Amino acid sequence: MKKTGAQIVNECLVQEGVKVVFGYPGGAIMPVHDAMLDYPIHHVLTRHEQGAVFAADGYARTTGDVGVCIATSGPGATNLVTGIATAMMDSSPVICITGQVAAHLIGGDAFQEVDVTGITLPITKHNYLVTSADQLAEVFKEAFFIARSGRPGPVLIDICKNAQVEEAEFDYPKEISLPGYKPPKHADMNLLEDAAKMIGEAKRPVILAGHGVLMSGAMEDLRLFAEKTQTPVAMTLLGLGSIPASHPYSLGMMGMHGEAYCNQAIQNSDLLLAFGMRFDDRVTGHLRTYAPRARKIHVEIDPSEIDKNVEVDVPLVGDLKTVLEDITPIVSPKDNEEWLDQIKEWREETEARDILSWPDEEKLHSAHVIRDFWQKTGGDSIVTTGVGQHQMWAAQYYQFEQPYKFITSGGAGTMGFGLPSALGAWFANPDKEVWTVEGDGSFQMSLNELATVVQEGANIKILLINNSYLGMVRQWQEFFFDKRYAATPITGPDFVKLSEAYGVPAKRVTKSGDMENAIEFAQNTPGPVLIEYQVEKEESVYPMVPAGAALDEMIRRPITQKKASS
Amino acid sequence: MQHTLIAKVENKPGVLNRVASLFRRRNFNIESLNVGQTENPDISRMTIVVENKGNNAKIVEANLYKLVNVIDVQDLTNQPTVTRDLALIKVKVDAIKRAEVVNLANIFRAKIVDVASDSVIVEIAGTEEKIEGLVELLSPFGILEMVRTGQVAMMRGDSPGVRHTPGANGHQSNNNKNTKVN
């Protein structure tokens, strides 16, 4: 049956199971929005295209399925760029649909014409320029497949206006032909045996669990492997939730702001098992001194990650879940008691230094705020964040028991990600508790989306850590720039009034005594709520591995007279 | 040392741009890049010569596979191959010197494809070394213009080149240097 290109776009979305899209209309995409009214697809109008792509990303990360956003040509499409790069760095399956000027006008600098496929070439997994309606069905089928398979990532489809208006025969293809795209599944059998032998020989093994664990849905396989081989599990920022925080083998987060004992375990390890992670500089510290006595096994679906940052002894290229299913039966059960006891010792020392052990002096510490938030939500909330100190505190002090609960911009470190990604997370999980932990800097990059939250009646709770600084940069200035606070003091509006002006009930907490009922207030108030915590201004995130230092050369929290005395 | 890779890619618009963009994005230096048709109209073939520092060729290969349109990559370095480069060289000669240039061209099995009153165009196909040898000998006459196609390469017989990337696009690596188990 003949349909217009705009109808075909919507047909394809329905075929792919898309129920909600995030977007912003404009001249070159109007036919698609117009046709959407006749399809069972809910369009969420964000207040900026960047919010739309972040929301699609949040949707994708909490479901593992594709998130979709739509924007018009030119500035609409370029406003997506930061969000596309964010999704690319964190391997998030996002489909971006953009309008483009009519095919015969391309290259002529027509109104709102920008070479979007050119701009997004290095920040998409793949992209398409569609110049006629008859290409659409095949392109959409391929795009969804590419976005969600292998190492997932964003795919952009730029659709010329004529391709939206003209008619073509619609028949959604059942199969696609991509001769150059066959994601690996099983790793090489010989290499699996080599790996099993190494695992058998190791005395001080550590698993490094990354985003790949969640992406391939390998949580249970990871737990079984770790328990069989008695191997503790360190997690990357995006790997949090791979194994429950309360699991005896969980070492929490590794890296620049990871747990000290976790980094010590990695540095003293004799075998690193990297599962779906890519040895980012934020988790390795200085490469020359990284885990110097450890052999390395790297399980990774993207062959270009092998030996990119860290040379490994055994590369296992394949889907992590499949590889774990293949290798767990051929490894022998192990007894690593001695190693686990050593780690326990380090852990006790770490905990003794922790700010959570400090006596209550009525001062409002961010760590206490997050702990309180964690306890009151039973560790069961979806938590999205912006980027900076508040993000690290959320990662350190919220104990994630489940996967797909912590949604944060890791690789790109994109400020402003928190509120819009929470919007996407809520649409994917309307029955779950969804919180965004924001800093006053990050929040001011995307607080325009409060209007979207209210318009959609999204039940999102906002926990705002306000320390009147761009805190992470301030912290670097304190440590490495002689406390010269260049461009980091930041003011904001009266967040409570602002929030109320948008129609969002709000509450302010200024001292630890007031913390008591704040989270309950948010939980008991239907719809969106904002809680602003005015915390200690010049607090730093500890521990911290300075850029370029070895992973165990951490700046630790100073031991002061305040150390737990009672 | 230089590495010669061949990449079979889908013959679609923008694929050359994707490959070129990848090299820039990952900071790879290419010595030469040649694209052309193959026996299959849906597939183009690229011959890429890269300067190999450390792991470069292997990393280039793995990254090429990240492109959806790249079907196969093989490393022909140190393998039994035929490699050819084509050059057109315009040399400044008067009537007196012309015979000398023609003589040189004959020795190199090159051809004179154009003769003008004060110049000739020499066409030569061969390995890089051969072409560079002729260029060196023609230089004293005065080279007015030169154009080279860059290398194209093909394995002799029916053996494939070396594939470094395990698990890439369904191909198994036939280079097990990665494994260092004792």
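**Figure 1. Packing of the buried residues of helix α14 of chain A in the predicted model.** The buried residues of α14(A) pack against the helices α9 (189-201), α10 (211-215) and α11 (219-229) and the strands β12 (271-275), β13 (295-300) and β14 (314-317) of chain A. A residue counts as buried if 20 or more other C-beta atoms lie within 10 Å of its own, as exposed if 12 or fewer do, and as partly exposed in between, with C-beta atoms placed from the backbone. Six of the eight residues of α14 (residues 320-327) of chain A are buried, so this helix is largely enclosed by the rest of the structure. The buried residues are L320(A), K321(A), V323(A), L324(A), D326(A) and I327(A). Helices (H or I, at least four residues) and strands (E, at least two) are DSSP runs, numbered from the N terminus. Because this is a predicted model, local features need pLDDT of at least 70 and side-chain atom pairs count only at pLDDT 80 or more, whereas totals for chains, interfaces and linings use all residues. Residues are numbered from 1 along each chain as its sequence is written, and chains are lettered from A and ligands numbered from 1 in the order in which they are written.

**Figure 2. Overall fold of chain A.** The secondary structure of chain A comprises 23 helices and 20 strands. The radius of gyration of chain A (taken over C-alpha atoms) is 24 Å, close to the 24 Å that the globule rule (2.2 Å times the number of residues to the power 0.38) gives for 566 residues, so chain A is as compact as a globular protein of that length. Its C-alpha trace spans about 75 × 65 × 40 Å along the principal axes. Of the 566 residues of chain A, 55% count as buried. Among contacts (C-beta atoms, placed from the backbone, within 7 Å) in chain A between residues at least 6 apart in sequence, 77% join residues at least 24 apart.

**Figure 3. Contact between domain 1 and domain 3 of chain A.** Chain A is assigned domain 1 (2-169), domain 2 (189-346) and domain 3 (355-534), with bounds from an automatic or database domain assignment. The C-alpha centres of domain 1 and domain 3 of chain A are separated by 30 Å. Their contact takes 24 residues from domain 1 of chain A and 25 residues from domain 3 of chain A. On the domain 1 side, β2 (20-23), β3 (42-45), α3 (49-63) and α5 (81-89) of chain A each supply at least two residues. The largest share of that side, ten residues, comes from α3(A).

**Figure 4. The four-stranded sheet of chain B.** This open sheet has the order β2-β3-β1-β4 (chain B), with antiparallel pairing; two strands pair if DSSP finds at least two bridges between them. Strands β2 and β4 of chain B stand at the edges, each with a single partner strand, so one side of each is left without a neighbour in the sheet. Strand β1 (residues 2-10) of chain B pairs with β4(B) in the antiparallel sense over five bridges. The bridge partner of I6(B) in β4(B) is Q74(B).

**Figure 5. Contact between chain B and chain A.** The contact takes 25 residues from chain B and 26 residues from chain A. On the chain B side, α1 (15-25), α2 (56-64) and β4 (70-75) of chain B are the elements that give two or more residues.

Definitions and conventions. Contact = placed C-beta atoms within 7 Å.
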